[in-house]
Amino acid sequence: MPEPTYRIRALHTASTLTVYQAYPAALGLPAARDGRFPAAWKRDRMTWIKPSFLWMMYRCGWGTKEDQTTVLAVEIARDGFEWALAHACLSHYDRAVHPDPAHWKRELKRSPARVQWDPERDLHLRALPHRSLQLGLSGEAARRYADEWTASIRDVTPLAHRIHALVREGELTAAAGLLPEETGYPAGDGLLGRLRA
């Protein structure tokens, strides 16, 4: 069966879903140590969370890009994640979804979350034909994420570096075996119907 173009693929349990972010060590290490975001984490700005580990690796260069050297796995409550989806809009205008650009701009202004679909990545970080969800959180959504939805925060930088080393050595089967087990998240048309570009 072919992979759907738009599907949330994530490591998830009955009550939580894991998303990834990358930060400078000064912010990421205290967050992982304490299992919560520190006061220095800006709750009034947009933050992007990614359920796809490999998309995060593409974004942060396996934890080597400046200010993205600490890769965090943030386990959040599923009901919080679904609240964000229910209150989200697309990050860009799409004539198949919005009646006109003005309608999209009004939706963008009042939505505390926004959805972007980017090409999923393989172990070489090459683009795949299906899309991976990025969820941008601002205002109320960002505050809830940091202070209510977060169940745990782990530093997965060593894992990122280990997988990257195996890829460089051509050990793709071993590298794939270390990846988080991401499966289709059960978000049906009720949540995603208006969020597919």
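**Aromatic clusters and an open sheet**

Tyr 23, Phe 37, Trp 41 and Tyr 145 form one aromatic cluster. This is a predicted model, in which local features need pLDDT of at least 70 and side-chain atom pairs count only at pLDDT 80 or more, while totals for chains, interfaces and linings use all residues. Residues are numbered from 1 along each chain as its sequence is written, and side-chain values use heavy atoms, with hydrogens and water left out.

**Aromatic pairs**

- The structure holds nine aromatic pairs. Rings of Phe, Tyr and Trp (its six-membered ring) pair if their centres lie within 6.5 Å; planes under 30 degrees apart are stacked, over 60 edge-to-face, and the rest tilted.
- Trp 41 and Tyr 145 make a tilted pair, because their ring centres are 6.0 Å apart and their planes stand at 50 degrees.
- This pair links distant parts of the chain, 104 residues apart. Trp 41 sits in the loop between helix H1 (25-34) and strand E3 (47-49), and Tyr 145 in helix H5 (residues 139-149). Helices (H or I, at least four residues) and strands (E, at least two) are DSSP runs, numbered from the N terminus.
- Trp 41 is buried at 4% relative accessible area, and Tyr 145 is buried at 0%. Buried means under 20% relative accessible area, exposed over 50%, and partly exposed in between (1.4 Å probe, protein chains only).
- Trp 55 and Tyr 58 form an edge-to-face pair, with 5.7 Å centre to centre and 70 degrees between the planes.
- Both residues belong to helix H2 (residues 53-60); they are three residues apart, so about one helical turn separates them.
- Trp 55 is buried, with 6% relative accessibility. Tyr 58 is partly exposed, with 34%.

**Charges over rings**

- The charged end of Arg 121 sits over the ring of Tyr 58, at 3.6 Å from its centre. For this, NZ of Lys or CZ of Arg must be within 6 Å of the ring centre and within 35 degrees of the ring normal.
- Arg 144 lies over the face of Trp 83, 4.3 Å from the ring centre.

**Cysteines**

- The structure holds zero disulfides; a disulfide is a pair of cysteine sulfur atoms within 2.5 Å.
- Cys 60 is buried at 0% relative accessibility. Cys 89 is buried too, at 1%.

**The sheet**

- Three strands form an open sheet in the order E2-E4-E8, with antiparallel pairing. Two strands pair if DSSP finds at least two bridges between them.
- Strand E2 (16-23) and strand E8 (150-155) are the edge strands, each pairing on one side only.
- The twist averages 25 degrees from one strand to the next. Axes are lines fitted to C-alpha atoms, for helices over the stretch in contact, and angles run from 0 to 180 degrees between N-to-C directions.
- Eight bridges join E2 to strand E4 (residues 70-77).
- Tyr 23 stands opposite Thr 70 in E4. Tyr 23 is also a member of the aromatic cluster.

**Helix H1 on the sheet**

- H1 lies across E2, E4 and E8 and runs at about 45 degrees to E4.
- Leu 27, Gly 28, Pro 30 and Ala 31 are buried in H1.
- The buried residues of H1 pack against E2, E4 and E8, where contact means heavy atoms within 4.5 Å.
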